[in-house]
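Visitor: I have a two-chain model open and would like to talk it through with someone. Could you take me around, starting with how some of the helices pack?

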Amino acid sequence: MGKRSRTEEQRLFQEIQKGNERTLHELYESYRSPFIGYLIKTYQCSEDRAVQVYQKAFTVFYFNIKDGKVQELTSTLKTYLFGIGKRVMFEFFREDAKSSASLDDAPEVQVLDLSYLSQESADHREKVVKTLLGQLGDKCREILKLYYFQRFSMESIADELGYKNDKVAKKKKYECLQKLRSMMESTDYTADELLNT
Amino acid sequence: MMDTLELIELYHEGKLSAEEKSDFERRLGQEPELRKELKAYLDLIRGIRRAEEETFTEKVAEWEKEVASKPSYPFAKAEPQSHGAKVKPMRKGWQTYAMGIAAAVIVLIGVGWLLNRSGQSVEAQALYTEYYAPLPDYLSVRGVNEPSTLEATMILYRQKKYKAAEEGFGKLLEKEPNYMLLHLYQGICRMELGNSEEAAQSFDTVIKDMGRYQADAKWYAVLNLLKAGDTQGALASIDQQLSTGNTKYEERLLEIRKAIE
């Protein structure tokens, strides 16, 4: 993987913001080897641990960019990802309490948010929503995903899903949210029952 | 008239005017039903996000599985490309070569056991060719300060300039004799250069260290024996490894064992 131009990095950054799965997949593969090699060498960790850290770091990397926590690139994507990797590694070290790696040499990276790492236990109602989403139609699920997860504008959603304009897309989005709300309200199941179906 | 859910969303997204916001918050204080609706809305949004986060996490796990199934990929944990396919003890070229040798031996010497022995050696080398792949470069990291000798040596290694790389690893080991990964790389260079005894010493050092690269060193030690034509030695080493278990090379070792038998 050669060094990318600034323009190319910027283009990739925008694709990540859009949640382009193909780009993310390619980046996952291209950064994996140097990232894991780096962790093994620097922290003398096992390969399994390095892979585990990479998966977490890549997820945080994507979420932070998608959520606009990084508005603009001041380093390369790779440097940003490696910076997150060091923090994730540190979290693992803390959990293990087996090592105390120094992060003094961590490169300056933009705002890091590792809050996703602590989202291990969502409450039942959130899990119920997840289950109900699976019962919602594909179109509805897609529009809700684009708006609330991908944080697309209504104009972008209209373009993406082929609605006439942003107003039509917005109306559809409310209908879908309303439908989900009704499903949640009308369900007679308890969270546990629903999750076990 | 604006729907309650829509109103809540505008409030949540900070899109209400100051007056509308103030009015909404006043209502929140007075209307338990509105508070309930707000909570439900927040649950919905969090639930949607959480579901998509989990979907992405699952996707990453799938990518990892996919990458790990590519044997040529550095740090891939799966079996080589021959995995799952029927193992051919000898490639066509080797078969032809072996038959030629066998014929010559019959004509010239006429001793049956020698024929067998020659064929065995060729088969071992064919297995070596089938299964050998250089250890990936675990050490180079672009963009991170590296000791220049190490970086230069790894470049030579990647370029398959094994003689120069072997010397480079030797120099590095003078400074860091306990760095097992360097021993492993040096052993691979030696094996590539056909110095099987020296290669065996390198692998042995790593094996005796009983550290993280022990399984890799054992694996390359088997390949080294196969390259040298020592089928019985390779078989003994394979059996020893299989008896202790816990090796990521298990399936490949079993395949080689089957092919030898």
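**Helix packing and the chain contact**

Guide: In this predicted model, helix 7 of chain B, residues 162-175, packs against helix 8 of chain B, residues 180-192, at an angle of about 150°, and their axes lie 9 Å apart.

Visitor: What does that make helix 7 and helix 8 of chain B relative to each other, roughly parallel or roughly antiparallel?

Guide: Angles over 145 degrees count as roughly antiparallel, and helix 7 and helix 8 of chain B are therefore roughly antiparallel to each other.

Visitor: And is the crossing of those two helices of chain B left-handed or right-handed?

Guide: For helix 7 and helix 8 of chain B the crossing is left-handed. On the helix 7 side the contact is made by B:Y162, B:A165, B:E166, B:F169, B:G170, B:L172 and B:L173, while helix 8 of chain B contributes B:L182, B:H183, B:Y185, B:Q186, B:C189, B:R190 and B:E192. Sorted by class, this contact of helix 7 with helix 8 of chain B has eight nonpolar, three polar and three charged residues.

Visitor: Switching to chain A, how do helix 6 and helix 7 of chain A pack?

Guide: Helix 6 of chain A, residues 138-149, and helix 7 of chain A, residues 154-161, pack at an angle of about 145°, with 10 Å between their axes, and the crossing of these two helices of chain A is right-handed. The residues that make the contact are A:E142, A:I143, A:L146 and A:Y147 from helix 6 of chain A, together with A:I157, A:E160 and A:L161 from helix 7 of chain A. By class, that contact in chain A has five nonpolar, no polar and two charged residues.

Visitor: Now the two chains together: how many residues of chain B are in contact with chain A?

Guide: There are 32 residues of chain B in contact with 35 residues of chain A. On the side of chain B that touches chain A, helix 1 (4-12) and helix 3 (32-68) of chain B each supply at least two residues, and the largest share, 19 residues, comes from helix 3 of chain B. The class count for that side of chain B is 17 nonpolar, three polar and twelve charged residues.

Visitor: I clicked on B:E37; where is the place of B:E37, and what is B:E37 in contact with?

Guide: B:E37 sits in helix 3 of chain B and, leaving aside its neighbours within four places in sequence, is in contact with B:T4 and B:I8. From B:E37 to B:I8 the separation is 29 residues in sequence and 8.0 Å in space, C-alpha to C-alpha. B:E37 counts as partly exposed, because it has 17 C-beta neighbours inside 10 Å.

Visitor: Last one: how far does helix 3 of chain A reach?

Guide: Helix 3 of chain A, residues 47-66, has 20 residues and reaches 28 Å from its first C-alpha to its last, close to the 28 Å expected at 1.5 Å a residue. Just after helix 3 of chain A, A:G68 takes a positive phi of about 75°.

Conventions:
Residues are numbered from 1 along each chain as its sequence is written. Chains are lettered from A and ligands numbered from 1 in the order in which they are written. This is a predicted model: local features need pLDDT of at least 70, side-chain atom pairs count only at pLDDT 80 or more; totals for chains, interfaces and linings use all residues. Helices (H or I, at least four residues) and strands (E, at least two) are DSSP runs, numbered from the N terminus. The expected span of a helix is 1.5 Å times one less than its number of residues. Axes are lines fitted to C-alpha atoms, for helices over the stretch in contact, and angles run from 0 to 180 degrees between N-to-C directions. Angles under 35 degrees count as roughly parallel, over 145 as roughly antiparallel, 65 to 115 as roughly perpendicular and the rest as oblique. A crossing is left-handed if the near helix is turned anticlockwise from the far one by less than a right angle, and right-handed if clockwise. Two residues are in contact if their C-beta atoms, placed from the backbone, lie within 7 Å. Ala, Val, Leu, Ile, Met, Phe, Trp, Tyr, Cys and Pro count as nonpolar, Asp, Glu, Lys and Arg as charged, and the others, Gly among them, as polar. A residue is buried if 20 or more other C-beta atoms lie within 10 Å of its own, exposed if 12 or fewer, and partly exposed in between; C-beta atoms are placed from the backbone.
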